[in-house]
Amino acid sequence: MGVMAVLMLPLLLLGISGLLFIYQEVSRLWSKSAVQNKVVVITDAISGLGKECARVFHTGGARLVLCGKNWERLENLYDALISVADPSKTFTPKLVLLDLSDISCVPDVAKEVLDCYGCVDILINNASVKVKGSAHKISLELDKKIMDTNYFGPITLTKALLPNMISRRTGQIVLVNNIQGKFGIPFHTAYAASKHAALGFFDCLRAEVEEYDVVISTVSPTFIRSYHVYPQQGNWEASIWKFFFRKLTYGVHPVEVAEEVMRTVRRKKQEVFMANPIPKAAVYVRTFFPEFFFAVVACGVKEKLSVPEEG
């Protein structure tokens with residue numbers, strides 16, 4: 001009996017590996033079919049996440065419209081995509097210069113895209129900007145710029161493209177948001193406000209356009225870290241505040257978020273929250289035990305103001 005168990009173990013592991021491989025291949029093919037020949041608009045395509053989304057959707061055979069505010073970086077992204085893609089299975093991306101902080105140019109960009117392709121199947125609102133500082137030290141001009149980029153820009157582009165989706169009774173709009181659309185973190189007042197506003201807008205819009213078969217999706221990671229930046233080690237467990245924010249600092253890699261965006265499009269998910277258990281628990285604590293949550297956050301602010309930061 002023991003000998004049989006020893007012999008069966010490698011076969012069992014091999015079988016499991018084979019099933020996992022088949023599942024991954026089916027998922028990959030399913031992802032490609034979900035975006036094949038689809039017109040996909042990606043804002044801030046030159047950011048870390050934007051580049052990864054462009055790579056994933058380009059490989060899947062989408063007709064990409066890559067938006068960004070730096071033409072040289074857009075061209076570099078274009079060259080990178082073309083150099084590794086199979087031209088017989090992919091389409092040449094269209095580059096569009098777009099700065100969402102300048103809302104006046106958004107309708108013209110939407111018109112350019114619709115004139116070129118006749119429709120937009122998927123819009124990925126990815127552009128975002130943030131600043132850190134005490135609320136009373138951040139100028140109103142900077143607050144307005146953050147709101148323009150994170151809120152008014154995305155909803156202006158959405159409103160410009162939405163009638164086309166409604167008339168065709170198909171389409172999907174993805175908002176890449178942040179955990180701060182769920183609860184605010186001190187010293188990020190304007191950023192948190194813009195993320196709350198964006199999430200509220202798209203939550204309402206989801207119900208409004210459901211009858212037209214237009215899908216509204218939100219993807220909210222804790223934050224998206226850069227390619228080569230990892231959390232520093234240290235004595236963070238000295239307080240609840242530091243332990244909590246140490247967990248928050250473990251951001252999600254752009255590749256992971258881009259793959260989740262693809263899964264969200266494929267499965268037509270309505271809401272995705274990408275976070276480890278600590279931030280997820282914080283959302284529930286904020287909802288059901290607000291006084292405790294506020295006390296912990298306030299304690300952290302006092303500690304931050306009274307103790308000099310390392311480094």
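Which residues in H2 meet which residues in H8? The points below answer this and describe the rest of the predicted model.

1. Basis of the note. This is a predicted model, in which local features need pLDDT of at least 70 and side-chain atom pairs count only at pLDDT 80 or more, while totals for chains, interfaces and linings use all residues. Residues are numbered from 1 along each chain as its sequence is written, and side-chain values use heavy atoms, with hydrogens and water left out.

2. The chain as a whole. The chain holds 10 helices and seven strands; these are DSSP runs numbered from the N terminus, with helices (H or I) of at least four residues and strands (E) of at least two. Of its 311 residues, 43% count as buried, where buried means under 20% relative accessible area, exposed over 50% and partly exposed in between, with a 1.4 Å probe and protein chains only. The accessible surface of the chain is about 16700 Å², and carbon and sulfur atoms account for 61% of that surface; such areas come from the Shrake-Rupley method with a 1.4 Å probe, and for residues only the protein chains shown count as cover. Among contacts between residues at least 6 apart in sequence, 73% join residues at least 24 apart, a contact being heavy atoms within 4.5 Å.

3. Helices H2 and H8. Two packed helices are described by the angle between their axes and the distance between the axes. Helix H2 (residues 48–59) packs against helix H8 (residues 254–267) at an angle of about 50°, and the axes are 8 Å apart. Axes are lines fitted to C-alpha atoms, for helices over the stretch in contact, and angles run from 0 to 180 degrees between N-to-C directions. H2 and H8 are therefore oblique to each other; angles under 35 degrees count as roughly parallel, over 145 as roughly antiparallel, 65 to 115 as roughly perpendicular and the rest as oblique. The crossing of H2 and H8 is right-handed, which applies if the near helix is turned clockwise from the far one, whereas left-handed applies if the near helix is turned anticlockwise by less than a right angle.

4. The opening question. On the H2 side the residues are Gly48, Leu49, Glu52, Cys53, Arg55, Val56 and Phe57, and they meet Pro254, Val255, Val257, Ala258, Val261, Met262 and Val265 in H8. The residues of this contact of H2 with H8 comprise 11 nonpolar, one polar and two charged. Here Ala, Val, Leu, Ile, Met, Phe, Trp, Tyr, Cys and Pro count as nonpolar, Asp, Glu, Lys and Arg as charged, and the others, Gly among them, as polar.

5. Helices H5 and H6. The axes of helix H5 (residues 140–168) and helix H6 (residues 189–209) come within 8 Å and cross at roughly 15°. H5 and H6 are therefore roughly parallel to each other, and their crossing is right-handed. Residues of H5 in the contact include Asp143, Met147, Tyr151 and Leu162, and those of H6 include Tyr191, Ala197, Phe201 and Leu205. The contact of H5 with H6 divides into 15 nonpolar, three polar and three charged residues.

6. Alanine 197. This residue is found in helix H6 and is partly exposed, with a relative accessible area of 24%. Leaving aside residues up to four places away in sequence, alanine 197 touches Met147 and Tyr151. Alanine 197 and tyrosine 151 are 46 residues apart in sequence, yet 6.6 Å apart in space, C-alpha to C-alpha.

7. Buried loop residues. Glutamine 180 lies in the loop between strand S5 (171–176) and H6 and counts as buried at 6% relative accessibility. Not counting residues up to four places away in sequence, glutamine 180 touches Ile185, His188, Tyr191, Ala192, Lys195 and His196. Glycine 60, placed in the loop between H2 and strand S2 (63–68), counts as buried at 2% relative accessibility. Glycine 60 and lysine 89 are 29 residues apart in sequence and 8.4 Å apart in space, C-alpha to C-alpha.

8. Positive phi values. Aspartate 213 is not a glycine, although its phi is positive at about 65°; aspartate 213 sits in the loop between H6 and strand S6 (214–221) and counts as partly exposed at 49% relative accessibility. Lysine 268 has a positive phi near 55°. Lysine 268 belongs to the loop between H8 and strand S7 (271–274) and is partly exposed, with a relative accessible area of 48%.
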